[in-house]
Amino acid sequence: MPKGSYRQILFFVGMFQYLEDLRLLSCVPDHFESDPTLVPLLTPLFGGRLRVMRFTRASLLKDMVDLFEGIRFHYMDLFNVNGMGLLMDACAETLETLRVYPTDPRGEQLSLKG
Amino acid sequence: MPSQFNFTAELFPRDFDLSRHRALRRLEVLATCIVPRDGSLTSNPATLSFLRSTLSSITSHVFTEVAIVYREEDFSGLGFTYSRIYREMTSAQSAAEISWHRSLFIAFREMYAMRGFRLLLCADVWGRLREYTVEVLESAVAVEKAAGRLDYLPLEPLVICSPRGFNDLGSFAY
């Protein structure tokens with residue numbers, strides 16, 4: 001799983017023009033220095049499923065929407081995401097299915113998946 | 001244009017507006033968010049409030065479904081070995097689970113009153129548990145149907161399964 005600054009991650013994601021689905025886990029650690037000159041080379045399709053969990057850095061999501069000139073996911077699964085509104089707005093035209101966790105009583109427990 | 005959503009992850013919005021999402025077909029919510037498995041057997045008022053406002057905000061003409069998502073933890077006493085899947089429940093656990101399902105169906109009716117939808121019960125479980133969990137959910141539907149408590153629905157609830165592989169994080173939350 002790739003790790004890095006916001007821009008490094010977005011640059012990496014931007015290497016896959018036909019990428020449909022994306023999962024973002026946790027937030028980017030602070031010790032990665034972001035390089036604003038690093039711009040993705042390609043714009044992924046991003047027309048599939050977006051799943052985001054425990055994500056506190058809304059700025060990465062904003063950069064993703066800005067640098068890729070929008071996102072077009074048709075499925076979103078959002079758990080404890082700061083920047084959820086940004087994603088919801090960006091996919092207003094394309095979103096078909098939304099999974100949300102209002103008042104999830106079990107938080108981040110792991111289950112059989114180990 | 002400023003975002004119409006203004007909230008933090010910790011404070012889930014009370015006024016979740018989906019009026020601009022014209023392609024929205026389905027909303028998925030975890031069963032335990034609606035009625036926690038804490039023994040209280042009462043709907044979570046915050047979740048119901050959220051669902052009421054969310055459902056009433058939907059303007060999509062293609063919106064038809066609400067999927068209630070059940071995870072492995074929602075099936076008491078469920079376990080497995082390499083060769084078999086088993087379920088060991090005390091009578092108290094069994095009674096609690098029946099009551100939990102009953103409470104959920106009461107909540108579903110409240111949700112339906114806000115906006116009509118096709119009710120889907122979705123077992124989002126590890127693949128090998130698929131048949132067993134679907135059977136449990138079908139039994140829960142059968143109990144409600146036999147008691148005439150699903151007469152308000154034009155279509156019978158549909159039980160579906162979204163099996164995961166063992167290393168698939170699925171929807172992350174667990």
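In this predicted model, B:A123 stands opposite B:C161 in strand β6 of chain B, where strands, like helices, are DSSP runs numbered from the N terminus (E, at least two residues, for strands; H or I, at least four, for helices). Residues are numbered from 1 along each chain as its sequence is written, while chains are lettered from A and ligands numbered from 1 in the order in which they are written. Because the model is predicted, local features need pLDDT of at least 70 and side-chain atom pairs count only at pLDDT 80 or more, whereas totals for chains, interfaces and linings use all residues.

| Strands | Bridges | Facing residues |
|---|---|---|
| β1(B) (26–30) and β2(B) | five bridges | B:L27 and B:V66 |
| β2(B) (65–70) and β5(B) (118–123) | six bridges | B:A67 and B:L120 |
| β5(B) and β6(B) (158–161) | four bridges | B:A123 and B:C161 |

B:A123 in β5(B) also has B:Y70 opposite.

Five of the six residues of β2(B) are buried, a residue being buried if 20 or more other C-beta atoms, placed from the backbone, lie within 10 Å of its own. Beyond its neighbours within four places in sequence, B:V29 is in contact (C-beta atoms within 7 Å) with residues including A:V100 of chain A and B:I68.

**Chain A**

In helix α2 (residues 58–67) of chain A, the residues A:L60, A:L61 and A:M64 are buried. Seen down the helix axis, the directions to the C-beta atoms of these buried residues fall within an arc of 100°, so they line one face of α2(A). Their cover includes α1 (6–13) and α3 (84–90) of chain A.

The mean pLDDT (the predictor's confidence in each residue, from 0 to 100) of chain A is 82, and 82% of its residues reach 70 or more. Over residues 105–114 of chain A the pLDDT is below 50, although this stretch has 21 contacts in the model beyond near neighbours in sequence. Where pLDDT is low, the predicted coordinates should not be read in detail.

Conventions:
Buried ≥ 20, exposed ≤ 12 C-beta atoms within 10 Å, placed from the backbone. Contact = placed C-beta atoms within 7 Å. Pairing = 2+ DSSP bridges.
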